[in-house]
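Hello,

Here is the structure you were to receive. My notes on it follow below.

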Amino acid sequence: MLKLIFALMMFSLTSAAGQDHFLHVDFSPLINADHSLSNGELGMGQAWTDINGDGYLDLYLTNQNGANHILLNDQSGGFVIDSQYVAGELPNSHDFGVAVTDYNNDGFQDLFISSFGPNKLLKNIGGQSFEEVSTALGLTDSSYSIASSWADINNDGWLDVYVVNYSVENDLNEADQLLLNNQGMGFIDVTADLSPAINLVKHGLAVQFIDFDADGDMDLYVVNDKQEGNTLWRNDGPAVNGCGTYVCMVDVSNATQTFRPVDGMGIAIADYDLDGDFDFYFSSIAEQVLLQSQFSQGNPWYTDQSNAVGLNFDATGWATLFMDVDNDRYPDAYLATANVTPSKRDRLYISNQMGQFNDATVFSGIEDLYMTVGAAKGDYDNDGKVDLVVGNWGTNYMLYRNINPSNHNWVKFNLTGGGDINSLAIGSRISVITSSQHTLIDQVVSGGSHGAGNSLLPHFGLGAATIDRVEVIWPNGIRSQLWAPAVNTTHILAYPGELVFATGFD
């Protein structure tokens with residue numbers, strides 16, 4: 001087994017003393033992915049995924065202009081290139097987004113690659129290799145696919161997928177696709193259950209499944225380019241009374257005030273204000289948008305708080321992320337920008353814990369001047385702090401290790417399904433009730449940001465608090481509780497909620 005091992009070097013982009021949040025980790029000798037084609041299609045794919053099941057996050061990075069890159073975590077802060085995964089490199093495929101799934105519920109994380117041409121599904125063979133199985137499973141769409149998101153929309157225990165296509169001519173032949181998983185043996189095209197069809201042929205660039213109304217099934221938000229308006233599909237369950245043939249998905253974009261025309265490219269979803277519902281943060285050209293959910297206040301709509309919270313910014317925005325950089329309980333925000341002007345470089349915003357954000361970009365460590373398009377979050381060194389990988393179009397990928405000096409508490413959860421719950425427990429909703437009586441929520445999701453696979457492990461900063469209890473609502477509605485779990489620990493929870501193993505790191 002041939003391996004190439006490289007010890008990562010870390011260096012400061014400004015002065016080390018001035019960097020309060022991230023440190024650039026140079027892994028460029030391992031990869032060569034400028035991601036640019038002569039015809040200029042923008043879009044990138046980066047995913048944190050545990051390929052071999054060792055509890056450490058690996059990386060999959062797409063490349064339009066050559067082979068994709070698979071980097072295995074060596075558990076000591078570096079990465080390894082291993083030839084046994086060569087079948088997943090796809091050197092002749094022009095690839096964009098990548099999302100993590102387990103389509104056959106075998107417990108190993110598979111990868112779905114959105115491409116300019118046929119999409120690819122990489123089946124993980126026991127954590128030891130990959131096999132490309134898209135054709136065998138009937139995944140034959142050859143549109144300009146940008147990204148995907150996976151969830152069990154009909155609660156049958158199998159992960160389904162929505163593929164967002166950039167329909168250049170608003171052509172029905174290039175429409176987005178909604179595919180139901182046929183128990184790991186193939187997929188059923190149920191796109192016709194989404195009506196009106198005009199919503200499916202926009203210039204889509206980002207997508208995320210999320211249960212925005214907390215009714216127990218996964219809804220869908222699609223972010224579109226060219227001021228065509230975003231689409232929020234509410235999942236109303238099985239087809240009924242003429243709504244759908246397989247599932248009833250209702251367009252509630254106007255009713256919820258989430259239609260919001262933008263030149264949209266990225267999506268991040270979190271409860272930034274800790275009021276118990278999920279808010280939407282997405283990018284555009286010359287403006288960035290935060291839609292604050294009013295569901296916890298009893299109103300079934302969203303309000304635009306972009307300026308009020310300090311997240312609006314005049315730049316060409318791409319990937320967006322919510323993540324608790326300093327583990328103080330409150331999600332912070334990251335914006336990737338495709339701007340080389342210093343004043344419009346990538347942004348880092350830190351929550352002021354009062355519903356607003358302070359621009360902390362200067363000396364943050366993420367001040368690169370490249371055309372940043374993609375980004376994904378994950379704690380790759382298992383130190384309890386969320387790290388970043390970002391994709392710079394025409395240049396390469398960059399890795400940023402979180403070195404925030406705070407010593408706040410944190411907790412992570414690794415959920416595994418069983419029975420009628422998909423193996424990755426995607427769709428599970430977690431509530432952490434802290435000793436300071438704050439309630440923190442998150443949901444296990446696949447996809448998001450821009451063409452990204454964020455870590456599937458929900459991460460909660462706790463500040464100085466400990467935990468009173470944790471509640472997990474599994475996709476089938478069963479609730480499990482964990483009382484006073486340890487902090488600064490990753491808890492592995494298996495359905496229906498037995499604490500299997502907890503591992504702590506310094």
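Y221 and F280 are both buried, where buried means under 20% relative accessible area, exposed over 50%, and partly exposed in between (1.4 Å probe, protein chains only). This is a predicted model, in which local features need pLDDT of at least 70 and side-chain atom pairs count only at pLDDT 80 or more, while totals for chains, interfaces and linings use all residues. Residues are numbered from 1 along each chain as its sequence is written, and side-chain values use heavy atoms, with hydrogens and water left out.

Aromatic pairs

Rings of Phe, Tyr and Trp (its six-membered ring) pair if their centres lie within 6.5 Å; planes under 30 degrees apart count as stacked, over 60 as edge-to-face and the rest as tilted. The count by this rule is 17 aromatic pairs. Among them, Y221 and F280 are stacked, at 4.5 Å centre to centre with 25° between the planes. This pair links distant parts of the chain, 59 residues apart: Y221 is in strand β18 (residues 219-224) and F280 in strand β22 (residues 279-282). Strands (E, at least two residues) and helices (H or I, at least four) are DSSP runs, numbered from the N terminus. Y221 and F280 also belong to one aromatic cluster with F212, F282, F295 and Y302.

Salt bridges

Side chains of opposite charge can pair when their charged atoms come close. A salt bridge here is a side-chain nitrogen of Lys or Arg within 4 Å of a carboxyl oxygen of Asp or Glu, and the count is eight.

- D359 and R347 form one of them, at 2.8 Å from N to O. D359 lies in strand β28 (residues 357-359) and R347 in strand β27 (residues 347-351), so the pair ties together parts that are 12 residues apart in sequence. D359 is partly exposed at 43% relative accessibility, whereas R347 is buried at 9%.
- K412 pairs with D379, with the closest N and O atoms 3.0 Å apart. K412 lies in strand β32 (residues 409-416) and D379 in the loop between β29 (372-378) and β30 (387-392), so parts that are 33 residues apart in sequence are tied together. K412 is buried at 3%, and D379 is buried at 4%.
- E471 pairs with R479, again with the closest N and O atoms 3.0 Å apart. E471 is buried at 15%, but R479 is exposed at 54%.
- R260, E287 and D304 are linked in a network of salt bridges.

Annotation

Over residues 425-490 the chain is 0% helix and 48% strand, with the end C-alpha atoms 16 Å apart.

Regards
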